[in-house]
Amino acid sequence: MKNPIKAKKLQKLAKTRKPQRLESLLELSEEIAEKSGRWIYTQLLRGMRYIWWDADREVFLQWAQSIIKTEIRLRETTQRESYLKELIQYQQSYRTVDEKSRLEALIDELISLDRDYRNLEQSYVAVIAKCPEGSMKSVYLSFRSQPQWHMMSQWLRQDCANRGGCCGRACQCCDNLPDPRRVKGRGHCTEQCGCCHRARGFSVTEEDRERMNPRFDLTVYPRTAYSREMFLAHIWSLL
Ligand SMILES: [Zn+2]
Ligand SMILES: [Zn+2]
Ligand SMILES: [Zn+2]
């Protein structure tokens with residue numbers, strides 16, 4: 001549910017004209033901060049512009065929810081694929097009927113994951129195209145243009161460790177891209193990560209999955225602290 005008071009205030013703000021000189025000054029400061037490599041200041045300046053000028057925050061939050069969800073699904077697919085490839089390599093050294101049928105099942109799943117990844121990649125492009133023009137879009141695209149964007153946020157690293165991911169161990173899996181053809185699947189661990197699976201020692205049920213992943217929904221008001229922090233870290237790189 002939207003916050004009606006905030007919605008009204010934002011609507012009123014949208015009707016006011018941007019003070020052009022201040023806007024130009026903010027743009028200039030943002031450019032200087034980015035060129036000087038002061039990443040955090042750049043994001044803060046963009047954050048200020050977002051708060052002041054971008055009128056319909058609810059629309060942006062809905063968009064942020066879909067992009068974060070799509071990215072998580074891309075990561076799940078990529079991590080499951082990598083894990084299956086490891087299993088297939090291991091399985092090929094066996095030749096019994098059971099092992100052969102297990103190998104066939106793994107290959108079938110791998111083929112279907114490849115299709116899933118391509119579909120998700122298209123959905124990702126479609127969600128990006130739907131992003132309303134404004135500071136949040138430029139913040140998001142600029143953040144994602146950093147090859148190791150997910151490692152730049154202390155909050156995202158800690159969240160990965162809290163969920164039992166590789167950032168809580170010394171393996172450094174999150175530093176490495178599992179497959180160079182799967183750039184959009186880059187990021188922190190999901191329950192499909194092979195290394196996490198080995199560390200855990202058991203397969204995850206739907207119940208475990210719910211327990212391991214705190215809920216976040218940016219479209220629901222009041223927002224939880226986790227949702228707010230996820231938004232700030234995942235979209236803005238501010239935590
Ligand atoms: Zn690992
Ligand atoms: Zn992992
Ligand atoms: Zn991680």
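Just after α7, Gly 164 adopts a positive phi of about 90 degrees. The model is predicted.

Helix α7 itself spans residues 154-162. Its buried residues are Leu 156, Asp 159 and Cys 160. Viewed down the axis of α7, the buried residues fall within an arc of 100 degrees, so they line one face of the helix. Gln 154 and Asn 162, on the other side of α7, are exposed. The buried residues of α7 pack against α10, which covers 225-234.

## The nonpolar core

The largest nonpolar core holds 24 residues. Those with the most contacts inside this core are Ala 64, Val 139, Cys 160, Cys 166, Cys 189 and Ile 235. Two or more residues each come from α4 (57-91), α6 (135-144), α7, α8 (194-200) and α10.

Cys 189 is in contact with Cys 160, Gly 165, Cys 166, Cys 174 and Cys 196, leaving aside neighbours within four places in sequence.

## Leu 110 in helix α5

Leu 110 sits in helix α5, residues 97-130. Is Leu 110 exposed, partly exposed or buried, and which count decides it? Leu 110 has 15 other C-beta atoms within 10 Å, so it is partly exposed. The class runs between the cut-offs of 12 or fewer for exposed and 20 or more for buried.

Leaving aside neighbours within four places in sequence, Leu 110 is in contact with Glu 81 and Leu 84. The C-alpha atoms of Leu 110 and Arg 80 are separated by 8.6 Å. These two residues are 30 residues apart along the chain.

Note on methods:
Residues numbered from 1 in each chain as written. Chains lettered and ligands numbered in written order. Predicted model: local features only at pLDDT ≥ 70, side-chain atom pairs only at ≥ 80, totals over all residues. Helix = DSSP H or I, 4+ residues; strand = E, 2+ residues; numbered from the N terminus. Arc of directions from axis to C-beta. Contact = placed C-beta atoms within 7 Å. Core = buried A, V, L, I, M, F, W, Y, C linked by C-beta atoms within 7 Å.
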